[in-house]
Amino acid sequence: MMKDDDGTETDVSRRNYLKGTGSALAALSFVPAGAAAAEGHDAAGSASSEGSVGGRTLIENGTVVTVDPDLGVLHDADVLVEGGRIARIDHDIDASADEVIDAGDSIVVPGFVNTHLHAWQAGVRGVAGDWSFTEYLDTMLGEISSHYTPEDAYLGNLFGGIEQLNAGTTTILDWFHIANSPDHTDRAIDGLEEAGIRAVFAHGQPGDDSATWWEESTKPHPDDIRRLHDERFPANDGLLTLAMGIRGPDYSTDEVVTQDIELARELGIPASMHIGSLGPGGVETLDELDLLGDDLNYVHANRLTDEEFGLIGDSGGSVSITPEVEMQMGMGMPALRETIDGGGIPSIGVDIVSGVSGDMFTQTRVGLQTQRALDNQPTIDAGGQVEELSLSARDALELATIEGARALGLDDEIGSLTPGKRADMTLIGADDVNTTPVHDPIETVVFQTGIENVDTVLVDGRVVKRDGDLCNATARDKQDRLVESGRRILAESGL
């Protein structure tokens, strides 16, 4: 049970949960069953004929914000997609195509890259908005996570992925820490596959015994990671790739940290860890253990020292900053400036839709404006006037696209609209009441745009959202099951 401000206990599952979940689901609009069949969309949401990986799609007359320093912003430009890759960006492309998309009233941008998400929490959306970090650890990882079945994990990841696509995010790092059984893990991966999103699946620990796994743990990473590597990700080069979600030095012993990172390197996959939210010293420990490397991703990092940020930068590491949840839960201020100054790769993530906004528009704006305020404050404290802002709208867009791709080691494939890269892109309505007129397309995307303006989304050349509607029959038919799943989990958790 939780309490209102006056101390009265409230039933989250009956009141807050149902209200929050109903409104969230209402915002998802799917292509109707008949229309999907007519347009050739299969059950997994990908276009089986139009816009498929093997076909050609021509996007015409758009304002193309490439995030490629050599190409810049092109007005009234076309993007030719062939075989899932961007074949050409130019004006007046004369080419036959299986599908032509009119982008005359659209801004075309790279799909956003969300470098930290616990997708499984989609089923318990909106229950943690008033929790501190310790309350979250005690309740979400100490209670709720233990009540997830494999089917709950599937539904959470399916709709967690669908929500991201709906908001223009085409790539996520899914940090899965309810690996309560191999079946839980397999069904979670199934959910991501059926969502049709590009994802780095960071296999984590079971969620049914937090004392064993999150309190100075002496237990090494579950050996099931080897099965996943060999059976589910043998090539590790498709839409879904494998990573390890490790506890790191904040939550496990030095011996376990060493074993876990060495295992990830044996398997040739990156490792991501939550670090620095409880205090400094974790990166120094990794340095002392000679474990630093460019295959490590550090999540939050709020209380690390400047020296530790320097170590991250010198070793080529990346930092996933989740500004809204970090400020809410008392982890500390987002460490964007510290990451940049230390030379690390900065990126933006959502973290948990159980507590905060699930879209990258919100998280990017919160991150940018918070850092601007922090950078401005010394001048204000000195009685001066701020003459120039420290970060630009373009900086923010890069954080949400190419820097996120760099953080995940995918910048050769995604993160900018560059010929030769995979065709992951989002078309934003430029004639909507909150986006028109467009004087600076980058500022429009960063400061004016929301989920409601995301018109069309392509992943690997496949249309996954078209004209504001999601193209996914599987998810369309399972919304009620997600609601039922969330209700049951919270009831069993005593909330």
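This is a predicted model: local features need pLDDT of at least 70, side-chain atom pairs count only at pLDDT 80 or more; totals for chains, interfaces and linings use all residues.
Two packed helices are described by the angle between their axes and the distance between the axes. For helix H5 (residues 182–195) and helix H7 (residues 224–232), the axes come within 11 Å and cross at roughly 40 degrees, which makes H5 oblique to H7. The crossing of these two helices, H5 and H7, is right-handed. On the H5 side, the contact involves Pro 182, Thr 185, Asp 186, Ile 189, Asp 190 and Glu 193, and these residues meet Asp 224, Arg 227, Leu 228 and Arg 232 on the H7 side. Sorted by class, the residues in the contact of H5 with H7 comprise three nonpolar, one polar and six charged.

The crossing in which H14 passes H16 is left-handed. From H14, the residues Ala 393, Arg 394, Ala 396 and Leu 397 take part, and they meet Ile 442, Glu 443, Val 445, Val 446 and Phe 447 of H16. By class, seven nonpolar and two charged residues make up the contact of H14 with H16, with no polar residue among them.

Strand S7 (residues 106–110) is largely enclosed by the rest of the structure, because five of its five residues are buried. With strand S3 (residues 56–65), S7 pairs in the parallel sense over two bridges, and in this pairing Thr 63 has Ile 107 of S7 as its bridge partner. With strand S16 (residues 425–429), by contrast, S7 pairs in the antiparallel sense, over five bridges; here the bridge partner of Val 108 is Leu 427, which belongs to S16.

The loop between S16 and H16 holds Pro 437, and the peptide bond leading from Thr 436 to Pro 437 is cis, with omega near -5 degrees.

Asn 236, in the loop between H7 and strand S11 (240–246), has a positive phi of about 55 degrees although it is not a glycine, and with a relative accessible area of 25% Asn 236 is partly exposed. Asp 467, in the loop between strand S18 (462–466) and strand S19 (469–470), likewise has a positive phi of about 55 degrees without being a glycine. The relative accessible area of Asp 467 is 57%, and Asp 467 is therefore classed as exposed, since the exposed class begins over 50%.

Glu 338 belongs to helix H12 (residues 336–342) and, at 31% relative accessibility, counts as partly exposed. When its neighbours within four places in sequence are left aside, Glu 338 is in contact with Asp 306 and Phe 309. Glu 338 and Leu 304 are separated by 34 residues in sequence, while their C-alpha atoms are 8.9 Å apart in space.

Conventions. Residues are numbered from 1 along each chain as its sequence is written. Side-chain values use heavy atoms; hydrogens and water are left out. Axes are lines fitted to C-alpha atoms, for helices over the stretch in contact, and angles run from 0 to 180 degrees between N-to-C directions. Helices (H or I, at least four residues) and strands (E, at least two) are DSSP runs, numbered from the N terminus. Angles under 35 degrees count as roughly parallel, over 145 as roughly antiparallel, 65 to 115 as roughly perpendicular and the rest as oblique. A crossing is left-handed if the near helix is turned anticlockwise from the far one by less than a right angle, and right-handed if clockwise. Contact means heavy atoms within 4.5 Å. Ala, Val, Leu, Ile, Met, Phe, Trp, Tyr, Cys and Pro count as nonpolar, Asp, Glu, Lys and Arg as charged, and the others, Gly among them, as polar. Buried means under 20% relative accessible area, exposed over 50%, partly exposed in between (1.4 Å probe, protein chains only). Two strands pair if DSSP finds at least two bridges between them.
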